[in-house]
Amino acid sequence: MHRIGLITNLRNEKSQELTIHLSDWLQQHGYEVLSMVWQDGHPEEFDVPALDTQNDIPDMIIAMGGDGTLLNAARIAAPIDRPVLGVNMGNLGFLTEVEVDQLYTNLEQVLQGNYVIDQRMMLQTEILRHGKVIREMYGLNDVVIHKGALSRLLEINFWVEKDFAASCKGDGIIIASPTGSTAYSLSAGGPVAHPSLEVMIQTWICPHTITARPTIIPADKKCIIELENVSSEVLLTVDGQTAQVLQERDQIVVKKSPYKATLIRLAPLKFFSLLKTKLGSDSIVRYE
């Protein structure tokens with residue numbers, strides 16, 4: 001690895017300070033550093049300048065922040081097929097791999113080639129209006145459709161391919177990847193899926209019925225969502241970071257993305273141990 005891309009949480013002063021120090025350290029050790037973050041009126045979003053030549057593409061990307069920064073980095077890195085190393089400067093750090101106090105020790109290990117790759121399924125979302133795709137979005141965690149603060153209950157129709165699955169009134173709907181199964185979907189009552197799986201998890205948000213339950217859907221199928229009787233603002237968000245205002249009769253198609261997120265691990269992932277450590281799942285039954 002020679003070119004290292006740095007993506008930083010611009011709202012975190014400590015992240016910015018550490019990124020400057022890390023950039024100096026990398027250059028002193030003979031690496032070319034590419035700053036891949038810029039702001040264009042959307043400080044909550046990260047983007048990447050146009051990659052015009054092969055020389056603009058890094059060999060690896062380091063995401064300096066929390067899980068949100070890593071999600072941004074994954075969306076940038078996946079189309080150019082580059083791995084991401086997450087440095088935790090947030091609170092939870094469920095997705096990030098490296099803690100700040102071990103940054104340089106762990107980074108030396110990675111730069112020497114002592115790491116493993118963890119590939120994750122991503123989601124692709126198409127928003128169709130009057131039969132035409134008006135926007136295409138990619139994400140690692142989830143696609144969420146939810147009503148505004150003062151909106152009435154949403155009326156949501158849901159298909160898997162051409163198979164009509166459900167019609168439900170509620171606050172919204174989540175389509176999560178296995179990686180996103182431990183995020184908003186989990187809080188809404190969805191199941192935990194091992195990140196090596198390739199499935200989609202459909203979970204209702206506060207459904208106005210006792211019969212609505214989460215559904216696990218094969219990744220080779222398409223989830224199709226349509227809204228009825230939209231009276232006020234309805235938003236679609238991807239990974240909680242990129243958003244689109246929806247209109248009545250918009251059709252949302254969620255499917256497996258052609259891209260995968262490639263995460264750098266110092267050692268093979270022990271998912272259930274991580275689940276217990278980060279989410280405090282002490283209620284897991286132990287059989288001894």
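Hi everyone. About 40 Å³ of space lies in the largest cavity of this model. By cavity I mean a set of points on a 1 Å grid over the protein atoms alone where a 1.4 Å probe fits but cannot get out, and a volume is the space filled by probe spheres set on the points, which are joined across faces, edges and corners. A quick word on the source: this is a predicted model, where local features need pLDDT of at least 70 and side-chain atom pairs count only at pLDDT 80 or more, while totals for chains, interfaces and linings use all residues. Residues are numbered from 1 along each chain as its sequence is written, and side-chain values use heavy atoms, with hydrogens and water left out.

So what surrounds that cavity? Its lining has 12 residues, and Arg152, Leu154, Asn229, Val230 and Ser231 lie nearest the centre. Lining residues have an atom within 4 Å of a point.

Now to strand β9, residues 154–160. Strands here are DSSP runs of E, at least two residues, numbered from the N terminus. In β9, 5 of the 7 residues are buried, meaning under 20% relative accessible area with a 1.4 Å probe, protein chains only.

Which strands pair with β9? One is β10, residues 163–170, antiparallel over 7 bridges; pairing takes at least two DSSP bridges. Here Trp159 has Phe164 as its bridge partner. The β9–β10 hairpin has 2 residues between the strands, and Glu161 takes a positive phi near 55°.

β14, residues 223–228, also runs antiparallel to β9, joined by 6 bridges. There, Asn157 is partnered with Glu226. Thanks, everyone!

Notes: On a 1 Å grid over the protein atoms alone, a cavity is a set of points where a 1.4 Å probe fits but cannot get out, and a pocket is an open set with protein on both sides within 12 Å along at least five of seven lines; lining residues have an atom within 4 Å of a point. Buried means under 20% relative accessible area, exposed over 50%, partly exposed in between (1.4 Å probe, protein chains only). Helices (H or I, at least four residues) and strands (E, at least two) are DSSP runs, numbered from the N terminus.
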